[in-house]
Amino acid sequence: MRVCVVGSGYVGLVSGACFADFGHTVVCVDKDLRKIESLRAGRIPIFEPGLESLVETNAKAGRLSFTTDLGRSVAGADAVFIAVGTPSRRGDGHADLSYVYAAAREIAAAVTSFTVIVTKSTVPVGTGDEVERIIREVNPKADVAVASNPEFLREGAAIRDFKHPDRIVIGVSDDRAQAVLQEIYRPLYLNQAPIMVTGRRTAELIKYAANAFLATKITFINEIADLAERVGADVQQIARGIGLDNRIGSKFLHAGPGFGGSCFPKDTRALIKTASDYDAPLRIVESVLAVNENRKRAMAKKVAAPFGGNLRGKTVGVLGLTFKPNTDDMREAPAIPLITALQDMGATVRAFDPEGMEHSKLEMPEVAYCADAYECVAGADALVIVTEWEQFRALDLDRVKSEMNCPVLIDLRNIYRPETVRAKGFIYDSVGRSSADVTSPRIEDLAS
Ligand SMILES: NC(=O)c1ccc[n+]([C@@H]2O[C@H](COP(=O)([O-])OP(=O)(O)OC[C@H]3O[C@@H](n4cnc5c(N)ncnc54)[C@H](O)[C@@H]3O)[C@@H](O)[C@H]2O)c1
């Protein structure tokens, strides 16, 4: 199959490289010339494990190429996937569909024979209808079918997720289009990935419902964590205790600083907006979003607590900036509101992240960026672990303590055992495990 992917970001590039790896001939298009030049030179503009070699192998085999020329790539393609961004629109939280519609216009003008136009971007219900209307308006003679094929991959595990999906959702009513999409995904079908064919609107809503549900699960366990702290219970054991129930499942039950990233915040906002437009408000999702927003800044209070709530003049080291490990994506990362809150409270912030610092420097220039975790803790009055990168899981705690001005460790991902860290003389706090029965030294004790 000849496949064109419009938009070569996290989703477009991974999808394009994987489709090429299935044996299809793929052209990835982007309007960002620097991105395309970099991809042509074999440099991957994002950090995603395994992507570089996948792109290299398929580009060398002649199955994967990159261009800014959308018109030539669309002409003759069996399917064109739209994988451009759908960020939150300023003001009302609705998805900004201007990139999707602009791509649809350009594609419409370029189709030459029967083409399936597939929206892979996460788009509100009804967007497929509008894409179809635009195409018919721009090119009334175009022989096209418009389908929805939402993407469920996770950054950091994107290739694995793409190649071993829990399901493939295809929203389509045209038989020819269904046949093309089934052929494109046939290698996965052979792997027994279920392909679910639905109406287009249903497919569009499945994606939002999935993300809203996952965001709800995270927020639920975060609130249980807060309660666990008050009553002296352990949220990790609670998560295991409920997660072992097959009806609940153990995934997305890790208490932490609140969800962030390029999808959950914007997708829950967009879903709430759609629901309110259709007079079917989603109160649960509204609460999830509100609770999560408050949580991110509230985490700063945890950092300030050992200092009597006052961080003025203190230096705080932050480990981990990206919204999750194994990505360089800083979009809506919880570290951003947390750091802003720490700075608002008068703290100076030092930070280290293995992949996110380039983007973070643009977003938060007033942070002192460090070369590694140990440089980050040097002279710090408190250390906060915000993202659970593998390399932060086994820090040399004796060295950390000796480098710090004051041994306060706030572990927002629960990656250390409270007893171990406290035994080393740290004042330690984590999320949902501050049971009253575990004693921790206080700042006053350390000073004496
Ligand atoms: N990132 C994820 O983990 C993820 C997962 C599932 C779904 N999604 C959805 O996929 C979509 C894309 O997300 P992303 O993270 O890949 O975004 P991204 O910002 O990384 O990439 C989008 C790319 O599209 C390009 N683009 C915009 N308009 C264009 C046009 N007219 N022609 C050619 N290129 C154009 C941009 O230059 C950019 O490179 C979004 O709707 C998102 O919600 C993302």
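How much space lies in the largest cavity? In this predicted model, the largest cavity holds about 30 Å³ of space. The structure has 1 cavity of 30 Å³ or more. Rolling a probe the size of a water molecule over the atoms shows where empty space is left.

A helix pair was examined next. Helix α12 spans residues 264-277, and helix α13 spans residues 283-304. The two pack at an angle of about 140°. Their axes lie 10 Å apart. The crossing of α12 past α13 is left-handed. On the α12 side, the contact is made by Pro265, Thr268, Arg269 and Ile272. On the α13 side, Val285, Glu286 and Leu289 take part. Sorted by class, the contact of α12 with α13 has 4 nonpolar, 1 polar and 2 charged residues.

Attention then turned to Ile184. This residue lies in helix α8, which covers residues 175-184. Ile184 has a relative accessible area of 0%, so Ile184 is buried. Beyond its neighbours within four places in sequence, Ile184 is in contact with Met1, Val3, Phe19, Phe22, His24, Ala79 and Phe81. Asp78 is 106 residues away from Ile184 along the chain.

Backbone angles were considered last. Most residues other than glycine have a negative phi. Phe252 has a positive phi of about 60°, although it is not a glycine. Asn414 also has a positive phi, near 55°, and is likewise a residue other than glycine. Phe252 sits in the loop between α11 (235-243) and α12. Asn414 is found in the loop between β13 (408-411) and α18 (418-423).

Are these two residues buried or exposed? Phe252 has a relative accessible area of 28%. Buried means under 20%, so Phe252 does not count as buried and is instead partly exposed. Asn414 has a relative accessibility of 7%. This value is under the 20% cut-off, so Asn414 counts as buried.

Definitions and conventions. Residues are numbered from 1 along each chain as its sequence is written. This is a predicted model: local features need pLDDT of at least 70, side-chain atom pairs count only at pLDDT 80 or more; totals for chains, interfaces and linings use all residues. Side-chain values use heavy atoms; hydrogens and water are left out. Axes are lines fitted to C-alpha atoms, for helices over the stretch in contact, and angles run from 0 to 180 degrees between N-to-C directions. Helices (H or I, at least four residues) and strands (E, at least two) are DSSP runs, numbered from the N terminus. A crossing is left-handed if the near helix is turned anticlockwise from the far one by less than a right angle, and right-handed if clockwise. Contact means heavy atoms within 4.5 Å. Ala, Val, Leu, Ile, Met, Phe, Trp, Tyr, Cys and Pro count as nonpolar, Asp, Glu, Lys and Arg as charged, and the others, Gly among them, as polar. On a 1 Å grid over the protein atoms alone, a cavity is a set of points where a 1.4 Å probe fits but cannot get out, and a pocket is an open set with protein on both sides within 12 Å along at least five of seven lines; lining residues have an atom within 4 Å of a point. Grid points are joined across faces, edges and corners, and a volume is the space filled by probe spheres set on the points. Buried means under 20% relative accessible area, exposed over 50%, partly exposed in between (1.4 Å probe, protein chains only).
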